[in-house]
Amino acid sequence: MASLFPGLLLLSTNLALRAYVELLLSERGMPLAYFDTAREGLFWLVDHTPRCILIDQDLDLDPFAVAARINHVRRLKDVPLALLISPDERLKATAEVVRVKAIEKPLNREKLGAWLEGMGSVE
């Protein structure tokens, strides 16, 4: 049985993004798990159920395919999942088709906060 993780899972190769998200989450008392590759993150998800998942578009694999795989796992389908994407209409449309929340880059406190609050996160 997968253990519950009370924080956010971040899949990104961007070290600056990782540090920024970790800083913002620490202000909320929310832990962060992060991986540089989709494969590592997907293996981690076998044994863990995070509170939410954020996937950077600059991942080693297609982030939309990774999101679709996560959404097909019964245990994870209700976990809030968002993709961090460039402001591009095509990417926004793809996110809608995959049925995943799109957050436009650059990520800032307000965007991350709005998403966390929208999913019921407590400050």
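**View 1. Helix 3 and helix 4 are roughly parallel to each other in this predicted model.** Helix 3 covers residues 63-71 and helix 4 covers residues 89-98. The crossing of helix 3 over helix 4 is right-handed. On the helix 3 side, the contact is made by Phe64, Ala67, Ala68 and Asn71. On the helix 4 side, Leu91, Thr94, Ala95 and Val98 take part. Six residues of this contact are nonpolar, two are polar and none is charged.

**View 2. Helix 1 and helix 5 cross at roughly 55°.** Helix 1 spans residues 15-28, and helix 5 spans 109-118. The axes of the two helices come within 11 Å. That angle makes helix 1 oblique to helix 5. The crossing is right-handed. Helix 1 brings Tyr20, Leu24, Leu25, Glu27 and Arg28 to the contact. Helix 5 meets them with Arg109, Leu112, Gly113, Leu116 and Glu117. The residues of this contact divide into five nonpolar, one polar and four charged.

**View 3. Strand 1 and strand 3 run parallel, joined by seven bridges.** Strand 1 takes in residues 3-11, and strand 3 takes in residues 48-56. Which residue of strand 3 stands opposite Leu10? Leu54 does. Leu11 stands opposite Ile55 in strand 3. Seven of the nine residues of strand 3 are buried, so strand 3 is largely enclosed by the rest of the structure.

**View 4. Strand 4 is largely enclosed by the rest of the structure.** The strand is made of residues 81-85. Five of its five residues are buried; the cut-off for buried is under 20% relative accessible area. Leu81, Leu83 and Ile85 of strand 4 point one way. Ala82 and Leu84 point the other way. The residues on both faces of strand 4 are buried. Strand 4 pairs with strand 3 in the parallel sense over four bridges. In this pairing, Ile53 stands opposite Leu81 of strand 4.

**View 5. Asp47 sits in helix 2 (residues 38-47).** Is Asp47 buried or partly exposed? Asp47 is partly exposed, with a relative accessible area of 47%. Leaving aside neighbours within four places in sequence, Asp47 is in contact with Ala2 and Ser3. Pro87 is 40 residues from Asp47 along the chain. The C-alpha atoms of Asp47 and Pro87 are separated by 33 Å.

**View 6. Arg99 has a positive phi, near 60°.** Arg99 has this positive value as a residue other than glycine. Where is Arg99 placed? Arg99 lies in the loop between helix 4 and strand 5. At 73% relative accessibility, Arg99 counts as exposed; the cut-off for exposed is over 50%.

**View 7. A cis peptide bond joins Lys105 and Pro106.** Omega of this bond is about 0°. Pro106 is in the loop between strand 5 (101-104) and helix 5.

Key
Residues are numbered from 1 along each chain as its sequence is written. This is a predicted model: local features need pLDDT of at least 70, side-chain atom pairs count only at pLDDT 80 or more; totals for chains, interfaces and linings use all residues. Side-chain values use heavy atoms; hydrogens and water are left out. Axes are lines fitted to C-alpha atoms, for helices over the stretch in contact, and angles run from 0 to 180 degrees between N-to-C directions. Angles under 35 degrees count as roughly parallel, over 145 as roughly antiparallel, 65 to 115 as roughly perpendicular and the rest as oblique. A crossing is left-handed if the near helix is turned anticlockwise from the far one by less than a right angle, and right-handed if clockwise. Contact means heavy atoms within 4.5 Å. Ala, Val, Leu, Ile, Met, Phe, Trp, Tyr, Cys and Pro count as nonpolar, Asp, Glu, Lys and Arg as charged, and the others, Gly among them, as polar. Buried means under 20% relative accessible area, exposed over 50%, partly exposed in between (1.4 Å probe, protein chains only). Two strands pair if DSSP finds at least two bridges between them.
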